[in-house]
Amino acid sequence: DAMMGLEDMYSKPVSGRGDGATGAMAAGFYAFHNPSIGLRCFAFGLVFGIGGLFALVFNASILGAAFGFMARGPHADNFFHFVTAHGPFELTAIALAAGAGMRLGFSLVDTGGYTRAAALRRAAVEAMPSAYTAVLLFLMAAAIEGFLSPSAAPYWVKAAAAVGSCILLGFYFFGLGR
């Protein structure tokens, strides 16, 4: 049923939402909905790290199944026309949120000689840059998903946005992250 709903959702070509107010409402929805996935991955990470790994694998399985199903279906072009532009920021944010939660959870397992509370506090300080980055990426993905993804812009524009997002992510992680 879920896959048929997904197929139905992308049965029509992406042609825009209309006015900017609709895009702003959609971006607001995505800014609320998508971080909730990241928050669940983060929170499950507190279960000694294993919960975050489970949440990440579960979400990856669902997304992988959806992408695989849609890639082979008759509406693949419509689907990829919508998801390409915002995917890099959104997927990276989910992984960062899970990683930040797992860092906290693993600190409860390997305390490094500290009390569990002290190890958790230390890990929280270390995990915050990842968590803040995830929040920023979720907001950027929401803006793209609210305005560019549903637009009638040609696919090459959306693909260029995805490539640009990947370049920015690479610069952040490999340039600034040192």
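**Tyr10 and Phe79**

I looked up Tyr10 and Phe79 to start with and found that both are buried, where buried means under 20% relative accessible area, exposed over 50% and partly exposed in between, with a 1.4 Å probe and protein chains only. I note that this is a predicted model, in which local features need pLDDT of at least 70 and side-chain atom pairs count only at pLDDT 80 or more, while totals for chains, interfaces and linings use all residues. Residues are numbered from 1 along each chain as its sequence is written, and side-chain values use heavy atoms, with hydrogens and water left out.

**Aromatic pairs**

I counted rings of Phe, Tyr and Trp (its six-membered ring) as a pair if their centres lie within 6.5 Å, with planes under 30 degrees apart taken as stacked, over 60 as edge-to-face and the rest as tilted. By this rule I have 7 aromatic pairs. Because Tyr10 is in the loop between helix 1 (2-9) and helix 2 (20-45) whereas Phe79 is in helix 4, the pair ties together parts 69 residues apart in sequence. I also recorded a cluster in which ring pairs link Tyr10, Phe67, Phe79, Phe80 and Phe82.

**Helix 3 against helix 4**

I took helices as DSSP runs of H or I with at least four residues, numbered from the N terminus. Helix 3 (residues 50-71) packs on helix 4 (residues 76-83) at an angle of about 135°, and their axes are 8 Å apart; axes are lines fitted to C-alpha atoms over the stretch in contact, and angles run from 0 to 180 degrees between N-to-C directions. That makes helix 3 oblique to helix 4, since angles under 35 degrees count as roughly parallel, over 145 as roughly antiparallel, 65 to 115 as roughly perpendicular and the rest as oblique. Taking contact as heavy atoms within 4.5 Å, I listed Phe67, Met70 and Ala71 from helix 3 and Ala76, Phe79, Phe80 and Val83 from helix 4.

**His86**

I then turned to His86, which sits in the loop between helix 4 and helix 5 (87-109) and is buried at 5% relative accessible area. A polar atom of the His86 side chain lies 3.4 Å from the backbone oxygen of Phe82. Leaving aside neighbours within four places in sequence, I found His86 in contact with Ala141, Ile144, Glu145 and Ser149.

How values were computed: Helix = DSSP H or I, 4+ residues; strand = E, 2+ residues; numbered from the N terminus. Polar contact = N/O pair within 3.5 Å; in protein donor to acceptor, adjacent residues only side chain to side chain.
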